[in-house]
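Student: I have a model open on my screen. Please show me how to read its features one by one.

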Amino acid sequence: MKGTLEGTVALVTGASSGIGAATAVALAEQGAAVAVAARRRDRLDALAAGLREQGGTVLVLEADITDGQQAAGAVQRTVDELGRLDTLINNAGVMLLGPAATAPLSEWQRMVELNVLGLLYCAHAAVPHLLRAAGQGPRQVADMVNISSVAGRVARNGSGVYNLTKHGVGAFSESLRQELATRYVRVALVEPGATATELAGHNRPEILEGMRGQFGQWMEAGDIADAIRYIVTRPRHMAVNEMLIRPTEQER
Ligand SMILES: NC(=O)c1ccc[n+]([C@@H]2O[C@H](COP(=O)([O-])OP(=O)(O)OC[C@H]3O[C@@H](n4cnc5c(N)ncnc54)[C@H](OP(=O)(O)O)[C@@H]3O)[C@@H](O)[C@H]2O)c1
């Protein structure tokens with residue numbers, strides 16, 4: 001596959017479904033060698049087989065990134081086996097909604113462990129490699145794209161801890177962006193609205209029932225992947241810092 005990202009290596013977390021899987025495809029289509037990380041190996045293998053059939057280079061990484069060692073190991077294996085790391089897409093996330101008063105504490109823990117700590121483990125391990133790639137890479141620039149949400153902009157009744165995690169991702173991203181800007185590691189924040197993926201399906205049945213009909217229009221995972229592709233294929237002198245993307249009919 002040939003494109004703007006030829007000669008570069010990207011790591012996508014949460015690539016076994018939804019936005020992550022679509023992003024892995026989009027980056028491979030631009031010529032990047034892609035490392036795909038998640039827990040469901042069968043899904044990753046199927047994704048990799050499809051991309052290899054089209055001439056793509058893919059590394060499958062079965063990893064639970066809430067474990068700091070596995071997250072750092074995924075980054076290290078990417079560099080060891082694909083030679084470098086130019087692009088990190090911090091995408092893996094979970095959204096568990098419902099009233100705080102009756103929420104199981106385990107749901108809050110799952111969101112903080114994945115959306116915050118998992119992202120931080122990957123970012124921490126990746127930054128030295130991204131700095132090296134920006135210094136020596138074919139494009140002389142590297143990218144970290146952190147996937148937040150509309151929920152990272154506005155807090156709402158019933159999504160407090162998800163809001164907390166995504167607001168945190170926004171704050172960390174902006175701080176890191178300022179720190180790395182002059183060294184040509186671009187840090188971008190993507191904030192999708194309703195996108196048809198498996199995300200909502202992890203909620204308890206009674207919460208799911210309440211969510212039904214809440215959203216009229218949905219975007220496709222490919223719509224968000226297209227935005228990420230746009231961000232990471234910009235010329236070296238241009239950085240897209242933040243993208244808020246809603247379905248046209250989504251008001252809030
Ligand atoms: N869909 C939306 O409407 C929407 C809106 C705003 C923001 N977002 C954000 O978009 C991102 C992607 O979500 P999605 O909508 O594409 O949902 P999804 O289809 O449920 O994808 C989530 C991905 O995260 C992976 N994951 C979960 N736990 C993991 C762990 N412990 N270690 C490694 N990977 C793990 C899952 O793979 P495994 O289960 O195989 O590990 C899966 O690949 C999330 O950060 C989400 O908050 C989504």
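Tutor: Start with helices. Helices (H or I, at least four residues) and strands (E, at least two) are DSSP runs, numbered from the N terminus. The expected span of a helix is 1.5 Å times one less than its number of residues. This is a predicted model: local features need pLDDT of at least 70, side-chain atom pairs count only at pLDDT 80 or more, and totals for chains, interfaces and linings use all residues. Residues are numbered from 1 along each chain as its sequence is written, and side-chain values use heavy atoms, with hydrogens and water left out.

Student: How many residues does α5 have, and what is its reach from first C-alpha to last?

Tutor: α5 has 21 residues. Its first and last C-alpha atoms are 30 Å apart, close to the 30 Å expected at 1.5 Å a residue.

Student: Which residues of α5 are buried?

Tutor: Buried means under 20% relative accessible area, exposed over 50%, partly exposed in between (1.4 Å probe, protein chains only). In α5, the buried residues include Val161, Tyr162, Val169 and Leu180.

Student: What covers the buried residues of α5?

Tutor: Think in contacts, meaning heavy atoms within 4.5 Å. The cover includes α4 (105–136), β5 (142–147) and β6 (185–192).

Student: Now the ligand. How many residues surround it, and which are the closest?

Tutor: A residue is near a molecule if one of its heavy atoms lies within 4 Å of it. Here 30 residues surround the ligand, the closest being Ser16, Arg39, Asp64, Tyr162 and Thr197. α1 (18–29) and α5 (160–180) each supply at least two residues of that shell.

Student: Which polar atoms lie by the ligand's oxygen atoms?

Tutor: A polar side-chain atom of Tyr162 sits 2.6 Å from a ligand oxygen. For a polar side-chain atom of Ser16 the distance to a ligand oxygen is 2.8 Å. Asn91 uses a polar backbone atom, 2.8 Å from an oxygen of the ligand. Taken alone, the ligand exposes 880 Å², and the protein buries 95% of that (Shrake-Rupley method, 1.4 Å probe).

Student: What about phi?

Tutor: Most residues other than glycine have a negative phi. Gln140, not a glycine, has a positive phi of about 60°. Gln140 is in the loop between α4 and β5, and is partly exposed at 32% relative accessible area.

Student: Where does Tyr184 lie?

Tutor: Tyr184 is in the loop between α5 and β6. Its phi is also positive, near 65°. Tyr184 is partly exposed, with a relative accessible area of 30%.

Key. Polar contact = N/O pair within 3.5 Å; in protein donor to acceptor, adjacent residues only side chain to side chain.
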